[in-house]
Amino acid sequence: MPLPPELTLHLHTWLTKAEPSPLPRYKQLYEALRQLILDGLLSPGSRLPSSRVIAKTLGIARNTVITAIEQLCAEGYAITRPKSGIYILATAPTHFDTNNTIQPKVSLNLSSRGQTIAAHAKFAPMRGAFASGIPDLKQFPFELWQRYVARHARNPKLDWQANPHQGGDTELRQILADNLRITRSIRCNSSQILITHGTQRSLQLVANLLADPADTVWVEDPGYSGAKSAFLAAGLNIVGQPIDQEGLSPPLNAWQHPPKLIYTTPSHQFPTGTVMSATRRRNLLALASQHQTFVIEDDYDSEFRYEGNPLAALHALAPQQVIYLGTFSKTFFPALQIGYMVLPEPLIEAFRTTQVRHHREPPYVIQKALADFMRDGHVSAHIRKMRREYQLRRDTLVDLLQNELGGSVRLSGLDTGLHLCLHLPDDRSDQRIAEQAVEKGIMTHAISRFYIHSDTQHSPALILGFGDADVEEILRAGKILCQIIKT
């Protein structure tokens, strides 16, 4: 049976396209035959010419034709009938008429819950002066770090290639436990530490394992939007509690309806920069214990304290009441995506197994490199170096703002961290000033965007990060910002 002329022409055209195909020759022939079937040029029940005939007609190897036909048969487009030949199956898939396609009966929109989550997940990464939450990536010893990573990448353990489920590298957890005892007065066993993919994943675990949908979580207002996003995704009822000069300040009558969880950043409140006082810490923990409420302590930025001795972590005061969250995104770089939690012992197993099932553990090559990097003193050396550098940048920014703006503004959050808060006169619009600054290439945020409700009454303020801008850039951008504020 010869190959019909029109099919020969079609196949020749397909196989000799102007643009060379990266596919193997048999795959190209398979695609050509499949297209003939879908277009109806090879009708159901019709018989294909033999592989020998097709090969001779097209001038290609017979094995190429046989392999292509075998794939057609394997995928249900054709069938081999012994001593008879290859036939196109009547049940082979065909194209729908484009003018008569079947319309989907399901909605192609996000669910109501999905729309809410997506709306609150919008994130616009910012760099330079005065972006908040970004360390100086240029100062990190990347070449040294890569040598540590390469050492373990060249000789990975076989166990790392499966699904590790021990809560993180044993040595890294022990180093962290020793470090927390010295720097944050936290006394814990290494087994209480869970290595995660970062603070956001840690928050997801806490929200999903310690609260049910519609349970109440208190958050700082204004506060960290990432925490609110995690709680929103878990279906929790988010209630904002005000911030004063001593930190989180829920009114006493709020405890008439106690929350299941409380989220706080006591070492350097985001975005106001307030450090929670010792008295406020004791009162908060006492009331939380009385009402069986877990406190989530996000201790970011605590490494960079410039004035006085740091207060002990909340976890040090109430280890069974507090879930401690740490991260390397400020001391290293955000893309490292390594964080950790310190958990009360009864929670360890549930958190560990849930992370394995839902998130997996961070790569052990990175964990081992991090353990060695810390053990050899490079992390503490980098923190000491950057603490001096960030303090210089903070002082430069503070002097500039005070010289340019004088008593018309107030500064807060100067003791710790990589940002400060610039409080403006009440008649100024922080949102408008932030927009004008962005137009000039200056990346700052109005404090209003960090409130739960956009119409909340608040004093105007700008969040000024100084981690990702050197002294020269701070002076340049700062003068422009001050001019915008004064006009």
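In which sense do strand β5 and strand β6 pair, and over how many bridges? In this predicted model, strand β5 (residues 216-221) and strand β6 (residues 237-244) run in the parallel sense and are joined over six bridges. This briefing covers the strands first, then the aromatic rings, and finally the charges placed over rings.

- Valine 217 has isoleucine 238 of β6 as its bridge partner.
- β6 and β7 form a hairpin, and two residues lie between them.

**Aromatic pairs**
- The model contains 18 aromatic pairs.
- Phenylalanine 140 and phenylalanine 142 are edge-to-face because their planes stand at 70°, with ring centres 4.9 Å apart.
- Phenylalanine 140 counts as buried, at 5% relative accessibility, whereas phenylalanine 142 is partly exposed, with a relative accessible area of 32%.
- The rings of phenylalanine 328 and phenylalanine 332 have planes at 75° and centres 5.7 Å apart, so this pair is edge-to-face.
- Both phenylalanine 328 and phenylalanine 332 are buried.
- Ring pairs link a cluster whose members include Phe140, Phe142, Trp145, Tyr148, Phe328 and Phe332.

**Charges over rings**
- Arginine 81 lies over the face of tyrosine 87, 4.5 Å from the ring centre.
- Arginine 449 lies over the face of phenylalanine 450, at 4.9 Å from the ring centre.

Methods. Residues are numbered from 1 along each chain as its sequence is written. This is a predicted model: local features need pLDDT of at least 70, side-chain atom pairs count only at pLDDT 80 or more; totals for chains, interfaces and linings use all residues. Side-chain values use heavy atoms; hydrogens and water are left out. Two strands pair if DSSP finds at least two bridges between them. Helices (H or I, at least four residues) and strands (E, at least two) are DSSP runs, numbered from the N terminus. Rings of Phe, Tyr and Trp (its six-membered ring) pair if their centres lie within 6.5 Å; planes under 30 degrees apart count as stacked, over 60 as edge-to-face and the rest as tilted. Buried means under 20% relative accessible area, exposed over 50%, partly exposed in between (1.4 Å probe, protein chains only). A charge sits over a ring if NZ of Lys or CZ of Arg is within 6 Å of the ring centre and within 35 degrees of the ring normal.
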